[in-house]
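Student: Could you take me on a close look at the charged pairs in this model, and then at the nonpolar packing?

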Amino acid sequence: MCETEAMVDSAESLPLHESVLERLGADITSGVIAPGARISSDEIATRFEVSRTVAREVVRVLESLGMVSTRRRAGITVLDPGQWHALDPKLIRWQLAGPNRFAQLAWLAELRSGTEPLAAGLAATHATPEQCASLTAAVMGMSATSRAANTAAYLDHDVTFHATLLAASGNPLLAVFAPIVREVLTGRTEHELMPAQANPQALQLHAAVAAAVQAGDSAAAEAAMREIVTESASAIACLQPPAAKSPAVPG
């Protein structure tokens, strides 16, 4: 099954307005519907065979994401990507499903390099015993499923590790990055950018972060987390097709 068909099948399993939102959002982020294009609720309703109420709800969500603007007589206008709410998990998911996937991953890696090492260092000071236990359990789960690192089981443990670490920082502004990291990790799995078997070095680094957080060693936790982000970015860059590489986007 090709990627487009898989996206359609996934969207069709959602409630009606969410299904339409997923498909229309993907069309806009991929450039199928270009910035400046004008559409109408009636066109959406006709194309997706839904009611005008559903179409209006979809437009409302797209507008809340900064992707479209609505004005009387002008209708619905697709906005320039610079106006989109780029850190919204929906937008990240759609971008990772589109043609600019590797550029998006590179930018997200840069963002993660500035947030997750910081969170790890803070977690060494603020993590609760329960959070330390959760980090250790997540590492054990990743190790137990490491021979199938491209499956949902491994992904669940990986997501838990990073979400717990961000929450353990004690900084609510860092904790809100958890859904962003979840979309990055999920996107790597869904778009076959994860190896069948986990990199032993990556597993060791996750274990080192958990151990450093439990020991209260901020410097060690931050350093190991920085290596995790670097290893992840390097692994993705190695998979990037030559035609998709651009000197303007760090690998």
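**Salt bridges and nonpolar cores**

Tutor: Happy to! Let us begin with glutamate 57, which is partly exposed at a relative accessible area of 26%. Please keep in mind throughout that this is a predicted model. The side chain of glutamate 57 meets that of arginine 60 in a salt bridge, with N to O at 2.8 Å. Both residues belong to helix H4 and sit three residues apart, which is about one turn of the helix. Arginine 60 is partly exposed as well, with 47% relative accessibility.

This pair is one of eight salt bridges in the structure. Another joins the side chains of arginine 52 and aspartate 42, at 3.0 Å from N to O. Here arginine 52 is in helix H4 (residues 52-64) while aspartate 42 is in helix H3 (residues 41-48), so this bridge ties together parts that lie ten residues apart in sequence. Arginine 52 has a relative accessibility of 52% and therefore counts as exposed, the cut-off being over 50%. Aspartate 42, at 39%, counts as partly exposed.

Now turn to arginine 182 and glutamate 183, a salt-bridged pair whose closest N and O atoms are 3.8 Å apart. That separation qualifies because the limit is within 4 Å. Arginine 182 is partly exposed, with 35% relative accessibility. Glutamate 183 has 8% relative accessibility and so counts as buried, since buried means under 20%. Both residues are part of a network of salt bridges that links them with Glu22 and Arg93.

On to the nonpolar packing. In soluble globular proteins, nonpolar side chains tend to be buried together. The largest nonpolar core in this model has 27 residues, and the members that touch the most others are Tyr154, Phe161, Leu165, Val209, Val213 and Met225. At least two residues of this core come from each of helices H6 (101-126), H7 (129-144), H8 (152-168), H11 (200-215) and H12 (218-239). H11 gives the most, with six residues.

Beyond its neighbours within four places in sequence, phenylalanine 161 is in contact with Leu135, Ala138, Val139, Met142, His206, Val209 and Ala210.

Conventions:
Residues numbered from 1 in each chain as written. Predicted model: local features only at pLDDT ≥ 70, side-chain atom pairs only at ≥ 80, totals over all residues. Heavy atoms only, no water. Helix = DSSP H or I, 4+ residues; strand = E, 2+ residues; numbered from the N terminus. Buried < 20%, exposed > 50% of the residue type's maximum accessible area, 1.4 Å probe, protein only. Core = buried A, V, L, I, M, F, W, Y, C linked by side-chain atoms within 4.5 Å. Contact = heavy atoms within 4.5 Å.
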